[in-house]
Amino acid sequence: FPVGSYPALYRVFFTFVVPVAFLTTVPAEAALRRETPLYALFPTLFLLLQILFYALIRWRTGYDTGTFSSNVLLSVGALDRQHCLCYREYYRIISQMFLTHGLAWLRTSVMWQMWYCGYYSVLFGPTSFSVIWLSGGLFGALYRLITEIDDDVIAGPDDAICACHVAYLVWILYHWYETPPT
């Protein structure tokens, strides 16, 4: 439902109380070295950006059909050949990593990243994990931009998640006889 359909108190609560509390708790605990260790900071930030972009699209458009149209995704920074190459909107190469096509894609992305990315951050270290995640998303977007035949709209962290899985497979090959950290 569009946010305008809720009473004023709910709008204030969902806009300011829930996101602010959710967005500040994990990074603050990581900075203070409390319950949340530093390795959880970057996967959490990537997830929060995706959830924030999804919420902003829902807030801005009022879509409640489950998936966003291509025009909606293009208006918020999804990647396609025409906008990137013809109009020189290169920021789309990065912004597409934090967008999703809808709620089902967001749920799947959150599940994959919660299951695997925390472990990968422990295994590779927070800095290396962030470099793998961001460079995987960047190079995956560039590859898809060059090789896509049709003009599909590209959005989602699929390339970044795939890069983390590939890095893990490479780690397994190089450390075949070692026990991974827990």
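**Figure 1. Packing of helix H2 (41–61) against helix H7 (126–147) in the predicted model.** The two helices, H2 and H7, pack at an angle of about 35°, and their axes are 9 Å apart. On the H2 side, the contact is formed by Phe42, Pro43, Phe46 and Gln50. H7 contributes Pro126, Phe129, Ser130, Trp133 and Leu134. By residue class, the contact of H2 with H7 has seven nonpolar residues, two polar and no charged.

**Figure 2. Helix H7 and its buried residues.** H7 has 22 residues, which at 1.5 Å a residue should span 32 Å; the distance between its end C-alpha atoms is 31 Å, so the two values agree. Its buried residues are Pro126, Phe129, Ser130, Ile132, Trp133, Gly136, Gly137, Gly140, Ala141, Arg144 and Leu145. These buried residues pack against five helices: H2, helix H4 (81–86), helix H5 (92–95), H6 and H8.

**Figure 3. The largest nonpolar core, with 16 residues.** Phe124, Phe129, Ile132, Trp133 and Cys164 touch the most other members of this core. Two or more residues come from each of helix H6 (103–124), helix H7 (126–147) and helix H8 (158–174). H8 gives the most, with six residues. Another core, of 13 residues, lies apart from this one; Val72, Leu73, Leu99 and Val153 are among its members.

**Figure 4. Surroundings of phenylalanine 124.** With neighbours within four places in sequence left aside, phenylalanine 124 is in contact with Phe129, Ile132, Cys164, Ala167, Tyr168 and Trp171. Phe124 is one of the buried residues of H6. The residue that follows H6, glycine 125, has a positive phi, near 95°.

**Figure 5. Helix H6 and its kink at methionine 114.** The kink in H6 is about 35° and is centred on methionine 114. From first C-alpha to last, the 22 residues of H6 reach 30 Å, close to the 32 Å expected at 1.5 Å a residue. Buried positions in H6 are Leu106, Ser109, Val110, Gln113, Cys117, Tyr120, Ser121, Leu123 and Phe124. The buried residues of H6 pack against H2, H7 and H8.

**Figure 6. Arginine 88 in the loop between H4 and H5.** The phi of arginine 88 is near 55°, a positive value in a residue other than glycine. Arginine 88 counts as exposed because its relative accessibility, 61%, is over the 50% cut-off.

**Figure 7. Arginine 58 of helix H2 and leucine 103.** These residues are 45 apart in sequence, and their C-alpha atoms are 9.9 Å apart in space. Arginine 58 has 22% relative accessibility and therefore counts as partly exposed, a class that lies between the 20% and 50% cut-offs.

**Figure 8. The whole protein, for orientation of the close-up views.** The secondary structure consists of eight helices and zero strands, and the order of elements from the N terminus is α-α-α-α-α-α-α-α. The protein has 182 residues, of which 37% are buried. Of the contacts between residues at least 6 apart in sequence, 68% join residues at least 24 apart.

Notes:
Residues numbered from 1 in each chain as written. Predicted model: local features only at pLDDT ≥ 70, side-chain atom pairs only at ≥ 80, totals over all residues. Heavy atoms only, no water. Core = buried A, V, L, I, M, F, W, Y, C linked by side-chain atoms within 4.5 Å. Buried < 20%, exposed > 50% of the residue type's maximum accessible area, 1.4 Å probe, protein only. Helix = DSSP H or I, 4+ residues; strand = E, 2+ residues; numbered from the N terminus. Contact = heavy atoms within 4.5 Å. Expected span 1.5 Å × (residues − 1). Axes fitted to C-alpha atoms, helices over the stretch in contact; angles between N-to-C directions. Nonpolar A, V, L, I, M, F, W, Y, C, P; charged D, E, K, R; others polar. Bend = angle between axes of the 7 residues up to and from the residue.
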